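Please look over the structure shown below. A short report follows, topic by topic.

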Amino acid sequence: MDLMDVVRGCLRRWYVLLLVVPASVLLALQLGNGVQASWSASATLVVVPSPGLTAARDAAAGEDGPGDTNPFSSAATLALLVSRAVATDSVLTGLPDGASATASWDGLRPSLVLLAATGDEQDSAAVALDAAVAAARQSLADLQQAQGVTPDAVFQVLPGSDAEVPAMTTPDRRRMTVLVVGAGTLAAVTLAVALDTALLQRRRGRDGAPTPDDRPTPAHSGATPRGGHR
């Protein structure tokens, strides 16, 4: 079957395309209208030693310093633990309906906690981001308190960047429409060609017309080729 066979099949079974293609267009329009826009925002926190911890770990102070009571060796370790706690919702509370928030850790910038929030509305995304920031601060305090770290020797979090104003994220409806309509058109062509092939074979069988594969060859028909011996 070549391209012309496909074209002839579609022309003979034009009613299949007339039914399937408009149906795919209507489906694409319904899907595009059903996808709602969302709001998203992000913020960055950086884990740093407090002034008291910095003084306690100052090698120049020696034994005269206040002493280091913090068992966490680096800010990167705490940043990783805090991001995991927020990402697993173990400390994340107060999210509005239809909103979500998460945290991640960047190994290239190991002392940073990356926060992101989404919501159905601008206000819900902003509230979710504030809840993620509060959860990160609480998680950092809980981790150090559980190890008996004194208040003057803690790591603390500072804003690495200002919290973004939630921005609207609009789905790509045009791309969705093109994909759905294209898939519907391909299905319509396939169905039309398959139906045309089936009907033609049925008509040949009903009329008794032999197909090319059913025509007898000289060897089976008993005919003697020209120049052959009887």
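## A buried serine

Which residues does Ser 50 touch, not counting residues up to four places away in sequence? They are Asp 152, Ala 153, Val 154, Phe 155 and Gln 156. Contact here means heavy atoms within 4.5 Å. Ser 50 sits in the loop between β1 and α3 (51-56). Its relative accessible area is 6%, so Ser 50 counts as buried. Buried means under 20% relative accessible area, exposed means over 50%, and partly exposed lies in between (1.4 Å probe, protein chains only).

## Ground rules

This is a predicted model: local features need pLDDT of at least 70, side-chain atom pairs count only at pLDDT 80 or more, and totals for chains, interfaces and linings use all residues. Residues are numbered from 1 along each chain as its sequence is written, and side-chain values use heavy atoms, with hydrogens and water left out.

## The chain as a whole

The chain has 7 helices and 5 strands. Both are DSSP runs, numbered from the N terminus: helices are H or I with at least four residues, strands are E with at least two. Along the sequence, the pattern reads α-α-β-α-α-β-β-α-β-β-α-α.

Of the 230 residues, 27% count as buried. The accessible surface comes to about 14700 Å². Carbon and sulfur atoms hold 59% of that surface. Accessible areas come from the Shrake-Rupley method with a 1.4 Å probe; for residues, only the protein chains shown count as cover. Take the contacts with a separation of 6 or more: 75% of them join residues 24 or more positions apart.

## The nonpolar core

The largest nonpolar core has 31 residues. Such a core is a set of buried Ala, Val, Leu, Ile, Met, Phe, Trp, Tyr and Cys residues joined through side-chain atoms within 4.5 Å. Val 47, Val 86, Val 113, Leu 115 and Phe 155 have the most contacts inside this core. The elements that give it two or more residues are β1 (38-49), α4 (75-87), β2 (100-105), β3 (112-119), α5 (122-146) and β4 (155-161). The most come from α5, with 8 residues.

Leu 115 shows how the pieces meet. Leaving aside neighbours within four places in sequence, its contacts include Ala 41, Leu 45, Val 86, Thr 102, Leu 129 and Val 133.

## Helix α4

Several residues of α4 are buried, among them Ala 75, Leu 78, Val 82 and Val 86. The buried residues of this helix pack against β1, β2, β3, α5 and β4.

The length of α4 fits expectation. Its 13 residues should span 18 Å at 1.5 Å a residue, and its end C-alpha atoms are 18 Å apart. The expected span is 1.5 Å times one less than the number of residues. Just after α4, Asp 89 takes a positive phi of about 65 degrees.

## Salt bridges

A salt bridge is a side-chain nitrogen of Lys or Arg within 4 Å of a carboxyl oxygen of Asp or Glu. By this rule there are 4. One joins Arg 8 and Asp 5, at 2.5 Å from N to O. These two are 3 residues apart in helix α1, so about one helical turn separates them. Arg 8 is partly exposed at 38% relative accessible area, and Asp 5 is partly exposed at 29%.

Asp 196 pairs with Arg 12, with the closest N and O atoms 2.8 Å apart. Asp 196 lies in helix α6 (residues 173-207) and Arg 12 in helix α1, so the pair ties together parts 184 residues apart in sequence. Asp 196 is buried, at 4%, whereas Arg 12 is partly exposed, at 38%. Arg 12, Arg 13 and Asp 196 are linked in a network of salt bridges. Elsewhere, Asp 106 bridges to Arg 109, with the closest N and O atoms 3.2 Å apart.

Ala 192 is buried, with a relative accessible area of 0%. Beyond its neighbours within four places in sequence, Ala 192 is in contact with Gly 9, Cys 10, Arg 13, Val 16 and Leu 17. Ala 192 and Leu 17 are 175 residues apart in sequence, yet 7.2 Å apart in space, C-alpha to C-alpha.

Val 7 lies in helix α1 (residues 3-12). Val 7 is partly exposed, at 34%. Leu 3, Met 4, Val 7 and Leu 11 make a nonpolar surface patch of about 410 Å². Patches are made of residues with over 30% relative accessible area and no salt bridge: like charges are joined within 9 Å, nonpolar side chains (Val, Leu, Ile, Met, Phe, Trp, Tyr) within 5 Å.
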